[in-house]
Amino acid sequence: MASNNYSAAQWLAIVGCIILIGIKLLPERTELETQDHDNSTLQLPGQSTKTHIITFSFDDGYNASAYKIANLFERFNISAQFNIIASANFERFHSPDEYIKHSLMGDYRDWNALQARGHRIMPHSWNHQDLVQQEKKSPSEAKQSILKTLLKFNADLKGFVATKSLFVFPDSGCSQKLMRFAFKYVDAVQCSWGAQHHCIHTMYHDHVASAIAQCVTPNVSDPEPVFRAAVSKFLTTPTNDVAWLLLSMRGVDGEGLGPVSLQFLRELLTELTAMPAVQILPTMDVMHRYGLSVLQLKQIFQKKQPQKPAS
């Protein structure tokens with residue numbers, strides 16, 4: 001019987017071959033897709049009473065938390081967004097973060113089931129390794145990590161289309177090069193590059209455009225007061241068109257770093273869904289439904305200044 005004990009070098013060679021094959025299978029965004037926000041339904045002033053959009057985004061993929069959150073959101077007839085670590089279902093999964101453990105994570109049977117119930121499932125890296133630090137050591141490995149993540153989703157998440165999806169960088173950290181590399185395959189990324197508090201970006205006519213979303217990601221043991229204050233401030237913000245707030249959370253009731261309680265979520269959703277001006281939507285629903293009206297046009301159309309001739 002042939003042995004399955006491969007050396008580290010052999011495993012690297014096998015993974016490299018899989019990635020090379022996968023690159024050919026994973027379609028890149030076309031020029032048309034980089035401009036498709038032109039054709040999105042625009043939400044113009046006066047067309048709707050919904051002026052304040054809020055996205056609830058849950059990172060990592062904690063199994064028990066995901067079902068609790070999904071059941072709660074369905075009571076209000078709204079969708080949650082779960083950003084999933086691609087390899088967390090592997091028994092040998094290891095994350096650099098001690099609070100992310102295989103025993104707590106869901107697998108693709110769970111994510112397919114929750115997606116079928118109307119929730120959004122988005123890729124959130126291969127193993128939650130800091131891609132900016134990985135890029136400093138090996139740019140090619142950082143890019144391969146992004147590709148492996150998308151290929152895993154492509155294989156295991158039913159109906160996954162990378163070119164219509166969001167890639168959520170671990171801890172919202174990325175570089176311009178990594179972001180542009182991800183844009184070869186996905187429609188948008190979530191990371192803190194390029195604009196304070198604005199973490200959703202897309203490509204438009206070969207320019208990086210930032211969405212108007214104000215992103216709140218508190219890395220504290222008790223994030224509930226931070227989320228509450230951010231929502232209160234956001235709701236009092238006047239707008240002539242639409243405003244967008246993204247609340248980046250992890251697990252509930254003790255799971256993950258800085259979890260919130262399900263009771264806190266229930267109270268917050270009860271208040272928000274009763275407000276005529278508020279709409280709760282996942283990230284890509286906002287991007288595709290509102291189009292250009294949630295993008296910062298001044299960044300999209302910012303042209304390079306002509307260089308002065310050397311004196």
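Let's start with helix H9, residues 283–290, which lies across E4, E5 and E6 and runs at about 40° to E6. Contact here means heavy atoms within 4.5 Å, and helices (H or I, at least four residues) and strands (E, at least two) are DSSP runs, numbered from the N terminus. For the angle, axes are lines fitted to C-alpha atoms, for helices over the stretch in contact, with angles running from 0 to 180 degrees between N-to-C directions.

A word on what you are looking at: this is a predicted model, where local features need pLDDT of at least 70 and side-chain atom pairs count only at pLDDT 80 or more, while totals for chains, interfaces and linings use all residues. Residues are numbered from 1 along each chain as its sequence is written, and side-chain values use heavy atoms, with hydrogens and water left out.

Now the sheet under that helix. Four strands make an open sheet, in the order E4-E5-E6-E7, with mixed pairing. From one strand to the next, the twist averages 25°. Pairing, by the way, requires that DSSP finds at least two bridges between two strands. Strand E5 (residues 188–190) and strand E6 (residues 200–204) are joined by three bridges in the antiparallel sense, and Val189 has His201 in E6 as its bridge partner.

Let's move to strand E9, residues 243–249. Buried or exposed? Seven of its seven residues are buried, so the rest of the structure largely encloses E9. Buried means under 20% relative accessible area, exposed means over 50%, and partly exposed is in between (1.4 Å probe, protein chains only). Ala243, Leu245, Leu247 and Met249 cover one side, and Trp244, Leu246 and Ser248 the other, all buried.

Which strands pair with E9? Strand E1 (residues 52–60) pairs with E9 in the parallel sense over seven bridges, with His52 opposite Ala243. Strand E8 (residues 214–216) also runs parallel to E9, joined by three bridges, and there Val216 stands opposite Leu247. E8, helix H7 (residues 224–235) and E9 make a right-handed β-α-β unit; right-handed means that, with the strands pointing away from the viewer, the path from the first strand over the helix to the second runs clockwise.

On to the aromatics. A search of the whole structure turns up nine aromatic pairs. Rings of Phe, Tyr and Trp (its six-membered ring) pair if their centres lie within 6.5 Å; planes under 30 degrees apart count as stacked, over 60 as edge-to-face and the rest as tilted. Tyr108 and Phe153 have ring centres 5.8 Å apart and planes at 85°, so this pair is edge-to-face. It links distant parts of the chain, 45 residues apart: Tyr108 sits in helix H3 (residues 108–116) and Phe153 in helix H5 (residues 139–156). Tyr108 is buried at 7% relative accessibility, and Phe153 is buried at 0%. Phe167 and Phe169 are also edge-to-face, at 5.0 Å centre to centre with 80° between the planes. Ring pairs also join Phe56, Phe58, Phe73, Phe82 and Trp111 into a cluster.

Finally, the whole chain: it has ten helices and ten strands, and buried residues make up 51% of its 311 residues.
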